Amino acid sequence: MPNFDDQIYAVLVQIPKGKVTTYGDVAKIAGFPRHARHVGKLLGRLPKDSRLPWFRVVNGKGMISLKGARFIDQRELLLEEGVEVKENGAISLRRFKWDGEPA
């Protein structure tokens with residue numbers, strides 16, 4: 001069985017700049033459907049200096065799930081890439097969602 005962590009990381013690096021996807025879609029593309037929460041937990045354990053684009057992953061409603069300083073960090077990183085993020089963390093999935101094709 002493929003290593004869960006490695007499969008998730010392999011999907012993350014494919015998400016193009018200026019796009020987002022959901023925890024559930026990352027899990028599904030990696031071959032682990034219905035493991036969205038595991039994706040969230042894995043991303044939450046990444047070191048602060050990680051170069052993986054963790055910030056391009058949002059919840060299924062198109063919202064940033066993080067709170068406090070992490071919310072602000074994710075929002076700012078997405079804004080820098082041209083993703084429109086409302087004050088409450090909402091993102092238009094119709095407009096900014098990655099379709100799963102490699103970058």
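Here are some friendly notes on this predicted model, point by point.

1. **Ground rules.** Since this is a predicted model, local features need pLDDT of at least 70 and side-chain atom pairs count only at pLDDT 80 or more, while totals for chains, interfaces and linings use all residues. Residues are numbered from 1 along each chain as its sequence is written, and side-chain values use heavy atoms, with hydrogens and water left out.

2. **Overall layout.** The chain has five helices and two strands, where helices (H or I, at least four residues) and strands (E, at least two) are DSSP runs numbered from the N terminus. Their order along the sequence is α-β-α-α-β-α-α. The C-alpha trace spans about 40 × 25 × 20 Å along its principal axes.

3. **Packing of the whole chain.** The radius of gyration of the chain is 13 Å, in agreement with the value near 13 Å for a compact globule of 103 residues; this radius is taken over C-alpha atoms, and the globule rule is 2.2 Å times the number of residues to the power 0.38. Of the 103 residues, 41% are buried (buried means under 20% relative accessible area, exposed over 50%, partly exposed in between, with a 1.4 Å probe and protein chains only). Among contacts (heavy atoms within 4.5 Å) with a separation of 6 or more, 60% join residues 24 or more positions apart.

4. In soluble globular proteins, nonpolar side chains tend to be buried together. Here the largest nonpolar core contains 29 residues, and Val-20, Val-39, Leu-43, Leu-78 and Ile-91 have the most contacts inside it. At least two core residues come from each of helix 1 (4-12), helix 2 (23-29), helix 3 (36-44), strand 2 (57-58), helix 4 (68-80) and helix 5 (93-96). Helix 1 contributes the most, with four residues. A nonpolar core is a set of buried Ala, Val, Leu, Ile, Met, Phe, Trp, Tyr and Cys residues joined through side-chain atoms within 4.5 Å.

5. **Leu-78 up close.** Setting aside residues up to four places away in sequence, Leu-78 touches Val-20, Phe-55, Arg-56, Ile-64, Val-83, Val-85 and Ile-91.

6. **Helix 4.** With 13 residues, helix 4 reaches 19 Å from its first C-alpha to its last, close to the 18 Å expected at 1.5 Å a residue; the expected span is 1.5 Å times one less than the number of residues. Phe-71, Gln-74, Arg-75 and Leu-78 are its buried residues. They sit on the same side of helix 4 because their arc around the axis is only 100 degrees, an arc being that of the directions from the helix axis to the C-beta atoms. Strand 2 is part of what covers these buried residues, whereas Ala-69 and Glu-80 are exposed on the face turned away from the buried side. After the helix comes Gly-82, with a positive phi near 90 degrees.

7. **Thr-21.** This residue belongs to strand 1 (residues 21-22) and counts as buried at 1% relative accessibility. Beyond four places in sequence, Thr-21 touches Ile-15, Val-26, Arg-56, Val-57, Val-58, Lys-97 and Trp-98.

8. **Arg-56 and its partner.** Arg-56, in the loop between helix 3 and strand 2, is buried at 10% relative accessibility. Its contacts beyond four places in sequence include Ile-15, Pro-16, Val-20, Thr-21 and Leu-78. Arg-56 also forms a salt bridge with Glu-81, the closest N and O atoms being 2.5 Å apart. Glu-81 lies in the loop between helix 4 and helix 5, so the pair ties together parts 25 residues apart in sequence. Glu-81 is buried too, with a relative accessible area of 17%.

9. **Other salt bridges.** There are four in the structure, each a side-chain nitrogen of Lys or Arg within 4 Å of a carboxyl oxygen of Asp or Glu. One of them pairs Asp-25 with Lys-97, at 2.6 Å between the closest N and O atoms. Asp-25 is in helix 2 and Lys-97 in the segment after helix 5, so this pair links parts 72 residues apart in sequence. Lys-97 is partly exposed, at 34% relative accessible area.

10. **A backbone detail.** Arg-34 is not a glycine, yet has a positive phi of about 70 degrees. Arg-34 lies in the loop between helix 2 and helix 3 and is exposed, with a relative accessible area of 85%.
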